[in-house]
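Here's a quick briefing to read alongside the model. Have the sequence and the 3D view open as you go.

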Amino acid sequence: MPSRRDLLKLSAAAGVAALLPACAQVARRLPKREVPEDLTPRLASAPAKRLLDRAAFGPRPGEVAQVEAQGLENWLEAQLTEKASEDLRLKAQLMRLDVLRNEGMELRDIPEDIMLRQLNQAAILRACYSENQLFERMVDLWSNHFNIYARKGLASYRKAEDEKEVIRKHALGKFPDMLRASARSPAMLAYLDNQFSNKGAPNENYARELLELHTMGVDGGYTQRDVREVARCFTGWSIGRGLLHKGAFRFSSDDHDVGEKIVLGNRIPPGGGVEDGQKVLDILAARPETASFVAGKLCRHFLGDPQHAMRPRLAAIYSGSGGDIKAMLRTLLLSEDLLAGLPVAKRPFDYLVSAIRATGAETDASQPLQQHLTKMGQSLYEWPMPDGYPDGAAPWTGSLLARWNFAIALADGQIRGTDTQVAELMDRTGELTPAAAAEALIHQRPPSPAKIKPATAQEAIALTLAAPEFQWR
Amino acid sequence: MALERDWYACDGKGHAEVPAPRVTPSVSRRGLITGAGLGAISWLGASSSLAQLTVGQGGGNHDVLVSIFLRGGMDGLNAVVPYADDHYHRARPVLRVGAPNDSKAAERAIDLDGFFGLNPALAPLLPLYRDGELALIHACGSGDQTRSHFEAMNTMERGLNGVSEGSSSGWLARHLVGTPRERATPLRAVAFGRTTPDALRGATESIVLETLDDFRLDIEQPREAGVLAALKDLYAEGGDPLTHAGRETLQVLDSLNRLDPKSYRPSAGAYPDSDLGRALKQVAFLVKADVGLEVACVDKGGWDTHYGQNLAGLLTGLLDDLAKSMAAFAADLGPHLRKTTVVVQTEFGRRLRENQSLGTDHGRGSVMFVMGGSAVGGKVYGKWPGLSDAQLDEVGDLRVTTDYRAVLAEVLDMRMSPAQGSGVFDGNVGPPLGLIG
């Protein structure tokens, strides 16, 4: 029985429909590896492009040459240390969003769906157009690390503040600072049910996820007893109600369990207050397991493998620098492993943003664009579990049709609120064949020109964005 | 999740948005029958090659699980009637469905087992019941006491028992995540509707379709073939999961194109011209098209019968559609029914005592249905708690004696090849009822 591959090759000319059998008798080989070895040669691109793909959300037209001229180290250092002010256009777009302008309580009249839409809008706009690309990528990473499901309770009204005070404040700062801010975040406390945790009935949800997902990881070696003790330490970490406290963090000493606690072998003496929880955060932030877990997250996101050989080195940098994210990134982002290693799969958010950037499209990131992201399965802040959207290729295999439809709609200029200006792009690239134009614009060697013969520039761009190569970074 | 406005007729928590009118039987309440529909799909008359497909191709070692959620709170007491219980008749002088031999009743139940009877509107399900392919579970529900549509639906779709804590992910999502299959099909889990149901949240493998028409390359006809051909070339080689999935997706697109859902005709029976009928017809199509469908979610709303439950065929219309759609589905599947399990549930039942508007208010226990080739049907399962004042709960509702999760867990365990300790349901759901054999 010929393999599916043979069938497809044979049938290219004849028309596939005639040859594909209706039944599932054809053997399906499970892919043995996550990474596209076959694609690797085609994806072995200039280091500057690789860096823009990994550290940023992909290059804009002309940006690869710019970074090459500037020098990779210089570009990266600027990304790490300088905070470029947002361009006026992006600022104006963000200013229009209630979710960024108003405080939690003032937003209460706005329906939850609109809140979610605006939160998505802000994130997409920033990822597409901010000059602080590495910063925005880290915001995406940490927002998933400290995931909050915006549809639970009032989370959609609290998430913007969490994004500002927890994620955006510390994304390129020190991990322990971000951890401490997260523990006080009303959005997080409500999401993980800590707001009513009290000495009579300590709630273990936050404590468990703090250990399992935020710091040490499920294999970190903590015990169920530790979870319970940590929960006791966080009793009273709550959200203020009433005019005075207005939904802000509030420590309720009445609810706090003042007994002695032992957390991971550390004795927390009786009679403590809010400092009990603070001590736990200090302990956890300093653990080598946390250093390793955080290093693993970075390896997963930037190298495609949470168990990558670089992990111990990054963990050591964490431990030696008090959890300095920049220090870890400096080593990681200019490493040979990253610049010349295997490709990493793009999640839908990555894919969508990289496509907007690659084509130089101008978007208001409104509902028509967000619809595509939703169909791909990654509408932001809508992942119900605290572990955040999955990374890797396997979880996202169902999103391909949605990606293809997005690519077609984008290239055709069919997304309301998004302007692709293909004609202008063609002007810029001059008299090239559609396929070559696509290459010039998207810095990918387009899929073998002999195989596809796009009739128009739009089609060339659509196919380039839909091709396997563009699903990886 | 956002509640569709046509699922319920109150403010969501059982309170009338305007003062409930006192209803006298002569007033027509046709306006109560809500239920905005999906666009009509015209099914053309051409015959379908699907009728020739035989069972047992691909499929794997698990069933197709079809989850039908009746939104609004189905009145289980009038669906599967405890006609032998006097309290029922006394509490519902107008709304009651009479015993099979009750000459004075407006409607008479079809006897099932000497105690329970089927609402006559559910008659199309009777043959399936008698053939052992339909099991009924009464006094079934969750521990949720809020009697709020939103809370109760949320609880059930997350597979919880009524505490507000617990995973925000859906029970079907946890099943999907816990049982990775070899086949990377894009149509593993399909919800027919406009938004992802809560039961599927937390699984990247589910998609939402209003109709199967939505699962296609969104491009005009003349260009479609060329782009599809180009994509086939682009995805022809490569062993990584994404390229592999690309080929799978293209094959599914191809199957759907060739087999043409629009011209599909059921191999037996006739579906009602309703949203539910259309949705189930498409599920049947997918089952026969062998595209790797494992979970299908379908909704039917309008069950929130606070006013005039038996006027203008309100409840009977709903039951009629449900029964005809399910019967048509079973008939259409034919031998495929052996590897299909349908579960029907509702967020809560309705109060025993009829209200002043000749309707019923939010209750607790209701009826679940399990239909499939492996069902041990022909029986009403569950421990009947009784309807005397002492036997009802504090508010006057039918007590829940079977945790709805016991039913779902048994279906998953027996028919869906779950991984060891898949952890779909937390805590003790109670022993299996023996309704899958």
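In this predicted model, B:Leu70 stands opposite B:Lys300 in strand S8 of chain B. That pair belongs to a parallel pairing of strand S1 (residues 64–70) of chain B with S8(B), which runs over six bridges. Strands here are DSSP runs of E with at least two residues, helices are runs of H or I with at least four, and both are numbered from the N terminus; two strands pair if DSSP finds at least two bridges between them.

**Around S8(B)**
- Five of the six residues of S8(B) (residues 295–300) are buried, so the rest of the structure largely encloses this strand. Buried means under 20% relative accessible area, exposed means over 50%, and partly exposed is in between (1.4 Å probe, protein chains only).
- S8(B) also pairs with strand S6 (residues 189–192) of chain B, running parallel with three bridges. There, B:Val190 sits opposite B:Ala296.

**Around S5(B)**
- Strand S5 (residues 134–141) of chain B has eight of its eight residues buried, so it too is largely enclosed by the rest of the structure.
- Strand S10 (residues 366–372) of chain B runs antiparallel to S5(B), joined by five bridges, and B:Phe369 is the bridge partner of B:Leu136.
- S5(B) pairs in the parallel sense with strand S11 (residues 379–381) of chain B over three bridges; here B:Leu136 stands opposite B:Val380.
- Two bridges link S5(B) to strand S12 (residues 402–403) of chain B, again parallel, with B:Cys140 partnered by B:Thr402.

**A three-stranded sheet in chain B**
- Three strands make an open antiparallel sheet in the order S2-S4-S3. S2 (80–81) and S3 (110–111) of chain B are at the edges with a single partner strand each, so one side of each has no neighbour in the sheet.
- S2(B) is joined by two bridges to S4 (residues 117–118) of chain B, and B:Val80 has B:Leu118 as its bridge partner.

**Buried spots in chain A**
- Helix H12 (residues 175–183) of chain A is mostly covered, with seven of its nine residues buried; among them are A:Phe175, A:Met178 and A:Leu179.
- A:Asp276 is part of helix H17 (residues 274–286) of chain A, and its 1% relative accessibility is why it counts as buried.
- Leaving out residues up to four places away in sequence, A:Asp276 touches A:Cys233, A:His256, A:Asp257, A:Lys261, A:Ile268 and A:Pro269. Contact means heavy atoms within 4.5 Å.

**The second largest pocket**
- Of the 50 residues lining the second largest pocket, A:Gln371, A:Thr374, A:Lys375, B:Arg194 and B:Thr196 lie nearest its centre. On a 1 Å grid over the protein atoms alone, a pocket is an open set of points where a 1.4 Å probe fits, with protein on both sides within 12 Å along at least five of seven lines; lining residues have an atom within 4 Å of a point.
- Helix H23 (367–376) of chain A is one of the elements supplying at least two lining residues, and H23(A) gives the largest share, nine residues.

- Chain B averages a pLDDT of 86, and 86% of its residues score at least 70; pLDDT is the predictor's confidence in each residue, from 0 to 100.
- For the complex, the predictor gives an ipTM of 0.85 and a pTM of 0.85.

**Ground rules**
- Residues are numbered from 1 along each chain as its sequence is written, with chains lettered from A and ligands numbered from 1 in the order in which they are written. Local features need pLDDT of at least 70 and side-chain atom pairs count only at pLDDT 80 or more, while totals for chains, interfaces and linings use all residues; side-chain values use heavy atoms, leaving out hydrogens and water.
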